[in-house]
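Reader: I am new to reading protein models. Could you walk me through one, feature by feature?

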Amino acid sequence: MDSLSIKVNIGGRVYPLTIDPKEEESIRKAAESINANVKELQNNYAVRDTQDLLAMTAFEFANQSLDQNQPSHTITPEDQLLEKKLSE
């Protein structure tokens, strides 16, 4: 398996990573997304500490991820009955 050594800058620090070459684009986009969120928080709030901004970013991203994993609605007994009929 081929690996690629890259460096990504997150919150003003450089992190060396060894990755699968197929992951490079998504990893770089992830780092850009983190940095953009940190900058947005910095512009909107009086927080200047990079560690606080990174923690706030991690919290926002985790919350978004949890929201995406939640079902969009509650499954009702009618839904269950319909699913059963469709599977039959």
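Reader: Let's start with charged side chains. Which residue forms a salt bridge with lysine 29?

Author: This is a predicted model, so treat every value as computed from it. To find a salt bridge, look for a side-chain nitrogen of Lys or Arg within 4 Å of a carboxyl oxygen of Asp or Glu. Here lysine 29 pairs with glutamate 25. Their closest N and O atoms are 3.1 Å apart.

Reader: How many residues apart are lysine 29 and glutamate 25 in helix H1?

Author: They are 4 residues apart in helix H1, so about one helical turn separates them. Check the surroundings too. Glutamate 25 is exposed, at 54% relative accessibility.

Reader: How many salt bridges does the structure hold?

Author: It holds 2. One of them joins the side chains of arginine 28 and glutamate 24, at 3.0 Å from N to O. Helix H1 covers residues 24–44. Arginine 28 and glutamate 24 are 4 residues apart in that helix, which again means about one helical turn between them.

Reader: Now the strands. How do S1 and S2 run?

Author: Strands are read by their direction and their bridges. S1 spans residues 4–10 and S2 spans residues 13–19. They run antiparallel, and 7 bridges join them.

Reader: Which residue in S2 is the bridge partner of leucine 4?

Author: Leucine 4 is partnered by isoleucine 19. Next along, threonine 18 in S2 stands opposite serine 5.

Reader: Where do the side chains of a strand point?

Author: In a regular strand, they alternate between the two faces of the sheet.

Reader: What lies in the loop between S1 and S2?

Author: Glycine 11 lies there. The hairpin has 2 residues between its strands. Glycine 11 takes a positive phi, near 60 degrees.

Reader: Is glycine 11 buried or partly exposed?

Author: Its relative accessible area is 22%, so glycine 11 is partly exposed.

Reader: Which residues does glycine 11 contact beyond its sequence neighbours?

Author: Set aside the neighbours within four places in sequence. Glycine 11 is then in contact with Asn35, Thr50 and Leu54. Take glycine 11 and lysine 39: they are 28 residues apart along the chain, and their C-alpha atoms are separated by 9.0 Å.

Reader: Let's move to helix H2. Where is threonine 57 found?

Author: Threonine 57 is in helix H2, which spans residues 50–69. Its relative accessible area is 2%, so threonine 57 is buried. To see what surrounds it, list its contacts. Leaving out residues up to four places away in sequence, threonine 57 touches Ile34, Asn37, Val38 and Leu41.

Reader: What about asparagine 37 itself? Which residues does asparagine 37 touch?

Author: Asparagine 37 lies in helix H1. Not counting residues up to four places away, it touches Thr57, Glu60 and Phe61. Its relative accessibility is 9%, so asparagine 37 counts as buried.

Reader: Step back to the whole chain. How many helices and strands are there?

Author: There are 3 helices and 2 strands. From the N terminus on, their order is β-β-α-α-α. The radius of gyration is 20 Å, well over the 12 Å that the globule rule gives for 88 residues, so the chain is more spread out than a compact globule. Its C-alpha atoms fill a box of roughly 55 × 45 × 15 Å along the principal axes.

Reader: What share of the residues counts as buried?

Author: The share is 11% of the 88 residues. Now read the surface. The accessible surface of the chain comes to about 7,400 Å², and 52% of it belongs to carbon and sulfur atoms.

Key:
Residues numbered from 1 in each chain as written. Predicted model: local features only at pLDDT ≥ 70, side-chain atom pairs only at ≥ 80, totals over all residues. Heavy atoms only, no water. Pairing = 2+ DSSP bridges. Buried < 20%, exposed > 50% of the residue type's maximum accessible area, 1.4 Å probe, protein only. Contact = heavy atoms within 4.5 Å. Rg over C-alpha atoms; globule rule 2.2 N^0.38 Å. Areas by Shrake-Rupley, 256 points an atom, 1.4 Å probe, with all protein chains shown as cover.
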